[in-house]
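Here is a short briefing on one protein chain. Keep the sequence and the 3D view open while you read.

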Amino acid sequence: MSRIQRVVAPVRGQAEEFLRRAIEKGDLLPGDRLIEREICETLEVSRPLVREALRALESDGLVRPLPRGGIAVTVLTPEEAMQIYVVRREIEGLAASLFASTASEKERVRLQRIISDLHAALSADDTEGLLDAKNRFYSALSVGSGNKVLQEVLRNLHGRIRLLRGTSLSRPGRTAQMVAELSDIADALLQKDAVTARRRTEAHIDNAIQAAKEALQDTVAAAE
């Protein structure tokens with residue numbers, strides 16, 4: 001984890017985002033205990049601020065209190081992970097269909113730029129850039145759907161998806177495959193082909209499910 005930069009954004013928000021990114025990248029793994037003192041020293045922020053950030057992460061399901069005190073990164077069972085993916089498949093498929101039909105020209109241009117950023121980050125082997133562009137892709141998909149209820153559902157869902165993203169992307173070749181899949185989805189979205197956009201989005205989630213299953217099975221086997 002890096003130190004917090006004192007910029008315009010509230011420091012608590014920066015601390016929260018650093019922790020989210022650490023979980024998403026796999027720097028903090030499921031089951032890892034989060035020590036407030038260590039986080040304060042690493043990020044050079046106060047303990048009350050860290051506690052607020054951890055409460056925000058807990059509300060999103062990213063961390064959970066431990067029975068004997070303390071807090072740790074949430075460990076999802078394979079069943080919980082699959083339930084999240086099933087819901088994600090349906091909601092993001094719907095978002096893609098709506099985007100293809102209703103997104104503004106400005107939103108379509110934004111999507112094109114994000115895809116360019118994804119390819120640039122992949123070529124540069126830039127993990128931070130990949131995660132940032134991927135998150136922006138899903139945000140653009142949600143906003144471009146024009147459906148406020150769907151946007152709220154996806155915001156809540158994507159908190160937990162961060163727990164799974166590092167798991168699915170840990171499979172060999174999955175990152176490059178992911179970029180290709182998102183590019184194919186974007187092509188259908190920009191052509192306003194709602195049926196193909198939804199089908200490709202669902203296929204993308206299916207591939208993520210398979211990658212996550214394999215990674216979770218490896219984790220279970222290693223623990224036995």
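Of the 224 residues in the protein chain, 45% count as buried. Buried means under 20% relative accessible area, exposed means over 50%, and partly exposed lies in between (1.4 Å probe, protein chains only). This is a predicted model: local features need pLDDT of at least 70, side-chain atom pairs count only at pLDDT 80 or more, and totals for chains, interfaces and linings use all residues. Residues are numbered from 1 along each chain as its sequence is written, and side-chain values use heavy atoms, with hydrogens and water left out.

**Overall fold**
- The protein chain has 9 helices and 3 strands. Helices (H or I, at least four residues) and strands (E, at least two) are DSSP runs, numbered from the N terminus.
- Along the sequence, the pattern reads α-β-α-α-β-β-α-α-α-α-α-α.
- Take the contacts in the protein chain with a separation of 6 or more: residues 24 or more positions apart account for 71% of them. Contact means heavy atoms within 4.5 Å.

**Helices H4 and H6**
- H4 (residues 78–102) and H6 (residues 127–145) pack at an angle of about 60°, and their axes are 7 Å apart. That makes H4 oblique to H6.
- Axes are lines fitted to C-alpha atoms, for helices over the stretch in contact, and angles run from 0 to 180 degrees between N-to-C directions. Angles under 35 degrees count as roughly parallel, over 145 as roughly antiparallel, 65 to 115 as roughly perpendicular, and the rest as oblique.
- On the H4 side, the contact is made by Arg88, Glu92, Ala95, Ala96, Leu98, Phe99 and Thr102. H6 supplies Tyr138, Ala140, Leu141, Gly144 and Ser145.

**Nonpolar core**
- The largest nonpolar core has 60 residues; Ile23, Leu34, Tyr85, Phe137, Leu182 and Leu189 touch the most other members. H4 gives the largest share of this core, 9 residues.
- Such a core is a set of buried Ala, Val, Leu, Ile, Met, Phe, Trp, Tyr and Cys residues joined through side-chain atoms within 4.5 Å.
- Neighbours within four places in sequence aside, Ile23 is in contact with Leu28, Leu57, Leu62, Val63, Val73, Arg162 and Leu163.

- Glu181 lies in helix H8 (residues 174–190). Glu181 counts as buried because its relative accessibility is 11%.
- Leaving out neighbours within four places in sequence, Glu181 is in contact with Arg174, His204 and Asn207.
- Gln210 sits in helix H9 (residues 194–223). Gln210 is partly exposed, at a relative accessible area of 40%.
- Gln210 and Met82 are 128 residues apart along the chain, and their C-alpha atoms are separated by 9.7 Å.
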